[in-house]
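Student: I have a model open and want to learn how to read it. Can we go feature by feature?

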Amino acid sequence: MFTPHVFLNGLGLGASLIMAIGAQNAHVLRVGVRRQHVAVTVLACIVIDVALIAAGVAGMGALIQGSPLLMGLARWGGAAFLVWYGLRSWASMLRADALDTQCGTVPPSLQRALVSVLALSLLNPHVYLDTLVLLGSLGGNYPAHQRASFAVGAMTASLLWFTALGFGASRLSGVFQRPLVWKGIEGLTGAIMLALAGGLVFG
């Protein structure tokens, strides 16, 4: 049974987690600026989030949260991934060729683009903390007949955000390709990644 206020809660909570700058969002932004396989990248991110949110609300989130081993793996694995990505962003900001958003004259193949977004999404433990654990446990606290409304709300947030981010960056690629703007994006992304890693370790 559809419950509007539960749907809105899922939409708001999902947006608050998904809209935060992370490795997945940074990748979608980069792809959008380059205008290379934007639709495939956006669709892959949405499908992954929908599947993980559904699994989390269905009970997998509570299962992971109840296992110290799984939570430890997600916590330390997520922190290591975020540190790696943060340092990678700062290194990219400092390199002379970091602002070449076309990334060479030959665009990546569709297969390579799909592998890239799958790797950055599925190999990032922080994604599982956001979707399976946090959204899953919050959605699981609702009565059984309201959980679907919460899950659909969170899924809708993912759909709207990744669509707006990917195609919005494509439309504004001229702005994002300016050297100062791109350096700022890389620098901010690196700082946020490291801050998120610190939050996982010390939080």
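Student: Which residues of helix 4 are buried?

Tutor: Keep in mind that this model is predicted. Start with the general idea. An α-helix has 3.6 residues a turn, so residues three or four places apart point the same way. Now the case here. The buried residues of helix 4 are Ala74, Gly78, Ala79, Phe81, Leu82, Tyr85, Gly86, Ser89 and Ser92.

Student: What covers the buried residues of helix 4?

Tutor: Other helices take part. The cover includes helix 2 (23-34), helix 5 (110-122), helix 6 (125-140) and helix 9 (179-202).

Student: Let me step back to the whole chain. How many helices and strands are there in the protein?

Tutor: The protein has nine helices and zero strands. Along the sequence the pattern reads α-α-α-α-α-α-α-α-α. Next, check the packing as a whole. The radius of gyration is 17 Å, close to the 17 Å that the globule rule gives for 203 residues, so the protein is as compact as a globular protein of that length. The C-alpha trace spans about 55 × 35 × 30 Å along its principal axes.

Student: What percentage of the residues count as buried?

Tutor: Of the 203 residues, 44% count as buried. Look at the contacts too. Among contacts between residues at least 6 apart in sequence, 88% join residues at least 24 apart.

Student: Which residues does leucine 129 touch, not counting residues up to four places away in sequence?

Tutor: Leucine 129 touches Met71, Ala74, Arg75, Leu134 and Leu200. Ala74 is also one of the buried residues of helix 4. Leucine 129 and arginine 178 are 49 residues apart along the chain, and their C-alpha atoms are separated by 34 Å.

Student: Where is threonine 3, and which residues does it touch?

Tutor: Threonine 3 sits in the segment before helix 1. Its relative accessibility is 9%, so threonine 3 counts as buried. Leaving out residues up to four places away in sequence, threonine 3 touches Gln146 and Ser149.

Student: How much space lies in the second largest pocket, and how many residues line it?

Tutor: About 240 Å³ of space lies in the second largest pocket. Its lining has 17 residues, and Leu17, Ile18, Ala20, His126 and Asp130 lie nearest the centre. Helix 1 (4-18), helix 2 and helix 6 each supply at least two lining residues. Helix 6 gives the most, with five. The lining of this pocket divides into nine nonpolar, six polar and two charged residues.

Student: Last topic: backbone angles. What is the phi of arginine 35?

Tutor: Most residues other than glycine have a negative phi, and most peptide bonds are trans. Arginine 35 has a positive phi of about 60 degrees, although it is not a glycine. Arginine 35 lies in the loop between helix 2 and helix 3 (38-65). It is exposed, with a relative accessible area of 53%.

Student: What about histidine 37: where is it found?

Tutor: Histidine 37 is found in the loop between helix 2 and helix 3. Its phi is positive, about 60 degrees, and histidine 37 is not a glycine. With a relative accessible area of 27%, histidine 37 is partly exposed.

Methods
Residues are numbered from 1 along each chain as its sequence is written. This is a predicted model: local features need pLDDT of at least 70, side-chain atom pairs count only at pLDDT 80 or more; totals for chains, interfaces and linings use all residues. Side-chain values use heavy atoms; hydrogens and water are left out. Buried means under 20% relative accessible area, exposed over 50%, partly exposed in between (1.4 Å probe, protein chains only). Helices (H or I, at least four residues) and strands (E, at least two) are DSSP runs, numbered from the N terminus. Contact means heavy atoms within 4.5 Å. On a 1 Å grid over the protein atoms alone, a cavity is a set of points where a 1.4 Å probe fits but cannot get out, and a pocket is an open set with protein on both sides within 12 Å along at least five of seven lines; lining residues have an atom within 4 Å of a point. Grid points are joined across faces, edges and corners, and a volume is the space filled by probe spheres set on the points. Ala, Val, Leu, Ile, Met, Phe, Trp, Tyr, Cys and Pro count as nonpolar, Asp, Glu, Lys and Arg as charged, and the others, Gly among them, as polar. The radius of gyration is taken over C-alpha atoms; the globule rule is 2.2 Å times the number of residues to the power 0.38.
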